[in-house]
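The sequence and the structure come first.

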Amino acid sequence: MQQFLIRDIYQKQLVNQKLCVNGWVKTRRDSKGGFSFLEVNDGSCLKNLQIIAENSLGNYHDDILNLFPGSSVKVEGTIVRSLGGNQEIELKAESVNVYGFSDVTTYPLQKQRISFEKLREIAHLRARTNTFGAITRVRNALSFATHRFFQERNFYYLNTPIITTSDCEGAGQLFRVTTLDMQNLPMNKPGNINSQSDFFGEEASLTVSGQLEAETYACALGRVYTFGPTFRAENSNTSRHLAEFWMVEPEMAFADLMQDITLAEDYLKFLINHLLNQCKEDLEFFNLHIENTLLEQLNNIVNCDFVILTYTDAIKILSKHKKFSFPVNWGMDLQSEHEQFLTEIEFKKPVVLTDYPKIIKPFYMRVNDDGKTVAAMDVLLPKIGEIIGGSQREERLDILQNRLKELGQNENNYWWYLDLRRFGTVPHSGFGLGFERLIKLCTGMGNIRDTIPFPRVPGNAKF
RNA sequence: UCCGGCAUAGCUCAGCGGUAGAGUAGGUGGCUGUUAACCACUUGGUCGUUGGUUCGAAUCCAACUGCCGGAGCCA
């Protein structure tokens, strides 16, 4: 008998069709009228399929009456119009075969509510809940939409290395990668480990960004994007940070900051439009149960023009409001409260801040004509904060060398990066988008730990 | 890492110096094309750990562990 996904059964309204469904039991309700209702979910959509299992089935007393949440079953039967009020169709079972039972006294996911904190302790089972099923489908749709967006715009998907020896960037603690015996480290002199005998012959770590490598390919093929895991060993204990997260990093040759901003805005709108079309049911679930302004927020982002504002103008706006706990002055990095003021009170929509002081931004950002600011841009969203950070890259060799010197960096470490400026340099731009922050935005989930299947944070890499 | 909060039944929580509670889940019975089913009865606890104060601590104090919220770092 042909297997169907529950999603397809609903979409195609396959009444009178004989078919087979595989899935997990959500609940069972017994009727003394001589049959049981089973709610079965197979992950293909939020909705369960109601199964009618009559007590005339051979294994009714032995098997079906022992089906509790979490059990796995194969059901064969016919789709019929439902006599009940809450669903149009249901599956009248001709057979119910049990793959595996689930002990009601020890299986943690029963019908009652369970907190997200508790679910994190059982991350191997939380995918079976409505919420995490919906998150997974949204995450999948956003991945697909990301590839579609960039492919349609002639970007090449590029895989940059996860293990890196460029100890650059300055910002961000790195995870060390080593095969050295931790009990017996080879030392040059006391306190100085001899990394030459390590696997790569020098210090290596997990990447904090694929940007520098992506630039090399953008400066050969025009347009590329990366989409892969990224690692930060910061001791960040917040609802917006992960030690392992996924980042989307497009890089474009022959593009200035404005083109970069346009790409970022188009990308975000494309993603949300894709979701509004493809994951309607899941979004409505989030809007109803997780964050009741979600659809409003998403529609707002899609329908508005992002505010584009220089850092200097933002400081002027913020200076008029004196009620911040951190006083505002030019040259400082903006605090969360300042970003929130701009996105949630002043403009009530996404704000792109540009042209930050160069002293608070990394060496690779292009220095503006004023000599004080760089061609940077951050996309700030209401409730989410910074979701995208990008810039036009410094393409002038001498200025880039000066910047490295100012920051006390040894330019020999960047010889290959500087070669791009030595041989046929071009203006180019790009940005990085935190994929889990995007999912946070699109689902309304409050904690980023619930947007990735198995979160890695300080003190926890379980599963 | 800093500031604040929380940790009590499988789950969600109340109790805040004097015999450990509710809802829900589980069990039993009743009822029912049910759908967070409903009604009655019922099982279920070293009150996070260690120490202290007290005649007496789930309750007050301290340390520790874990988690949550905010801040910093950032995507």
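## Sheet and helix packing

In this predicted model, eight strands make up an open sheet with mixed pairing, in the order 6-12-13-18-17-16-15-14.

Val248 has Leu433 in strand 18 as its bridge partner.

Helix 4 (residues 211–221) lies across four of these strands: strand 6, strand 12 (223–231), strand 13 and strand 18. The helix runs at about 30° to strand 13.

A second packing arrangement involves two helices. Two packed helices are described by the angle between their axes and the distance between the axes.

| Helix pair | Residues | Angle | Axis distance |
|---|---|---|---|
| Helix 3 and helix 6 | 130–152 and 280–289 | about 130° | 10 Å |

Why are helix 3 and helix 6 described as oblique to each other? They pack at an angle of about 130°; angles over 145 degrees count as roughly antiparallel and 65 to 115 as roughly perpendicular, and helix 3 and helix 6 are therefore oblique to each other. Their crossing is left-handed.

On the helix 3 side, the contact is made by Asn130, Thr131, Ala134, Ile135, Arg137 and Val138. Asp282, Phe285 and Phe286 meet them from helix 6. By class, the residues of this contact are five nonpolar, two polar and two charged.

How values were computed:
Residues numbered from 1 in each chain as written. Chains lettered and ligands numbered in written order. Predicted model: local features only at pLDDT ≥ 70, side-chain atom pairs only at ≥ 80, totals over all residues. Heavy atoms only, no water. Axes fitted to C-alpha atoms, helices over the stretch in contact; angles between N-to-C directions. Helix = DSSP H or I, 4+ residues; strand = E, 2+ residues; numbered from the N terminus. Parallel < 35°, antiparallel > 145°, perpendicular 65-115°, else oblique. Left-handed = near helix turned anticlockwise from the far one by under 90°. Contact = heavy atoms within 4.5 Å. Nonpolar A, V, L, I, M, F, W, Y, C, P; charged D, E, K, R; others polar. Pairing = 2+ DSSP bridges.
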